[in-house]
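User: I am new to this structure and would like to go through it step by step. Please show it before we start.

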Amino acid sequence: MNETSPIAKLRESLSALTRRLAPLGPTLARLTVGLVFLGTGWGKLHSLPDVTEFFASLGIPAPGLHARVAACTEFFGGVLVLVGLATRVAVLPMAFTMVIAIVTAKRGDVHGLTDLVGLEEWSYLVFFVWLAVAGAGPLSLDRLIAPRIDQWLGKKSRPPETARA
């Protein structure tokens, strides 16, 4: 008679639970950064003279152009990430924006690794890198339209992703 130990049962139950909850990670990350950047982009779009002046004070070349680029990147990138559409592509310029923010606006606040990883911009950068690598997750427009894109490209549809234990 082969009885399953209580620890094995617990491990199996926890594993099943984590598989069911796996979509929460990318979904919450997308909702968080999507909403934040939609808001900051909207704010920048509606205060471009102030953003331009701030960029000029940081020594960023062509501050007017870069203020518009940053505002559009944050706003439209935020919308795309929020709904999970073209997420892997959308997060790349957003990640670049965070690198520029760290190098320019936050440079004086960084005196070591602890300071760097404590920056809000660093946290966003980490989210963006994760989303670029892992994708938007199953609760996204990317996942919804992927089979149609595969069909249009003449590829066989991908099977749904399963969480790995």
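Analyst: The questions below go from the overall fold to the core and then to one residue.

User: How many helices and strands does the protein chain have?

Analyst: This is a predicted model. From the N terminus on, the elements of the protein chain run α-α-α-α-α-α-α-α. The count is therefore 8 helices and 0 strands.

User: What is the radius of gyration of the protein chain, and what does the globule rule give?

Analyst: For 165 residues the globule rule gives 15 Å, and the chain is well over that, so it is more spread out than a compact globule. Along the principal axes, its C-alpha atoms fill a box of roughly 75 × 45 × 20 Å. The radius of gyration is 20 Å, against 15 Å from the rule.

User: What percentage of the residues of the protein chain count as buried?

Analyst: A residue counts as buried when its relative accessible area is under 20%. The accessible surface of the chain comes to about 10,900 Å², and 67% of that belongs to carbon and sulfur atoms. Of the 165 residues, the buried part is 28%.

User: Which residues is M94 in contact with, leaving aside neighbours within four places in sequence?

Analyst: M94 is one of the residues of the largest nonpolar core. F37, V81 and F128 also belong to that core. Leaving aside the near neighbours in sequence, the contacts of M94 are F37, T73, E74, G77, G78, V81 and F128.

User: Is E74 buried or exposed?

Analyst: E74 is found in helix α4, residues 63–83. Not counting residues up to four places away in sequence, E74 touches F37, L38, T40, G41, K44, M94 and T97. Its relative accessibility is 5%, so E74 counts as buried.

User: How far apart are the mean positions of the positive and negative charges of the protein chain?

Analyst: The chain has 16 positive and 12 negative charges. Their mean positions are apart by 12 Å.

Key: Residues are numbered from 1 along each chain as its sequence is written. This is a predicted model: local features need pLDDT of at least 70, side-chain atom pairs count only at pLDDT 80 or more; totals for chains, interfaces and linings use all residues. Side-chain values use heavy atoms; hydrogens and water are left out. Helices (H or I, at least four residues) and strands (E, at least two) are DSSP runs, numbered from the N terminus. The radius of gyration is taken over C-alpha atoms; the globule rule is 2.2 Å times the number of residues to the power 0.38. Buried means under 20% relative accessible area, exposed over 50%, partly exposed in between (1.4 Å probe, protein chains only). Accessible areas come from the Shrake-Rupley method with a 1.4 Å probe; for residues, only the protein chains shown count as cover. Lys and Arg count as positive and Asp and Glu as negative; His and the chain ends are not counted. The place of a charge is taken as NZ of Lys, CZ of Arg, CG of Asp or CD of Glu. A nonpolar core is a set of buried Ala, Val, Leu, Ile, Met, Phe, Trp, Tyr and Cys residues joined through side-chain atoms within 4.5 Å. Contact means heavy atoms within 4.5 Å.
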